[in-house]
Amino acid sequence: EWKRIPFRYHMGAMIMDDKPPFRILKISSHPIMSGNEEWLMNHPRFKPNVIIPYGAIHKDGRFTVSIGVNDSWCREVTLEENQLNL
């Protein structure tokens, strides 16, 4: 019998060297954010537990990150550097 394997997407961060070979200097020790089961009514592509970061802008010590949530909508979140778990 087939069983659904539960999954949950997580978002982390990393700092890379700005010159080739672009070594990873730091990486999150644990997730910054995780997907959830928040539901958007009548959305045909809803998938629970999904979070996908698309891009980030660093300004004044904060990071504004665009994310996709549950394959249903987009959001922006603002994170302080200490929230990156580096």
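**Stop one: a loop and a surface patch**

Start by selecting Phe 22, which sits in the loop between E2 and E3. Strand labels here follow DSSP runs: strands (E) need at least two residues, helices (H or I) at least four, and numbering starts at the N terminus. Before you go further, keep in mind that this is a predicted model, where local features need pLDDT of at least 70, side-chain atom pairs count only at pLDDT 80 or more, and totals for chains, interfaces and linings use all residues. Residues are numbered from 1 along each chain as its sequence is written, and side-chain values use heavy atoms, with hydrogens and water left out.

Back to Phe 22: check its backbone, and you'll find a positive phi of about 55 degrees, although this residue is not a glycine. Is Phe 22 buried, partly exposed or exposed? With a relative accessible area of 42%, Phe 22 is partly exposed. The scale is simple: buried is under 20% relative accessible area, exposed is over 50%, and partly exposed is in between (1.4 Å probe, protein chains only).

Strand E2 (14-16) and strand E3 (24-27) each give two or more residues to the patch. Met 16 belongs to E2 and, at 39% relative accessibility, is partly exposed.

While you're here, click on Pro 21, also in the loop between E2 and E3.

**Stop two: the core**

Next, select Met 11, Ala 13, Ile 32, Ile 51, Phe 63, Val 65, Ile 67, Val 69, Trp 73, Val 77, Leu 79 and Leu 84: these twelve residues make up the largest nonpolar core. Strand E6 (62-69) and strand E7 (73-80) each supply at least two of its residues, and E6 has the largest share, with four.

Zoom in on Met 11. What does Met 11 touch, not counting residues up to four places away in sequence? Its partners are Pro 31, Ile 32, Met 33, Ile 51, Pro 53, Val 65, Ile 67 and Leu 79. Contact here means heavy atoms within 4.5 Å.

**Stop three: salt bridges**

How many salt bridges are there? The count is four, taking a side-chain nitrogen of Lys or Arg within 4 Å of a carboxyl oxygen of Asp or Glu.

- Arg 62 and Glu 80 pair up at 2.7 Å, N to O. Arg 62 is in E6 and Glu 80 in E7, so the bridge ties together parts that are 18 residues apart in sequence. Arg 62 is partly exposed at 44%, and Glu 80 is partly exposed at 33%.
- Asp 71 and Lys 47 come to 3.2 Å between their closest N and O atoms. Asp 71 is in the loop between E6 and E7 and Lys 47 in the loop between strand E4 (33-34) and strand E5 (51-59), 24 residues apart.
- Lys 19 and Asp 18 have their closest N and O atoms 3.5 Å apart. Asp 18 counts as exposed, at 59% relative accessibility.

**Stop four: Arg 8 meets Asn 49**

Select Arg 8, in the segment before strand E1 (10-11), and Asn 49, in the loop between E4 and E5. They are 41 residues apart along the chain, yet their C-alpha atoms are separated by 4.8 Å. Arg 8 is partly exposed at 38%, while Asn 49 is buried at 8%.

Leaving aside neighbours within four places in sequence, Asn 49 contacts Phe 7, Arg 8, Tyr 9, Gly 35, Asn 36, Glu 37 and Asn 70. Show the side chain of Arg 8 too: one of its polar atoms lies 2.5 Å from the backbone oxygen of Gly 35.

**Last stop: Asn 85**

Finish in the segment after E7, at Asn 85. Its phi is near 60 degrees, a positive value in a residue other than glycine, and Asn 85 is buried at 17% relative accessible area.

Notes
Core = buried A, V, L, I, M, F, W, Y, C linked by side-chain atoms within 4.5 Å. Polar contact = N/O pair within 3.5 Å; in protein donor to acceptor, adjacent residues only side chain to side chain.
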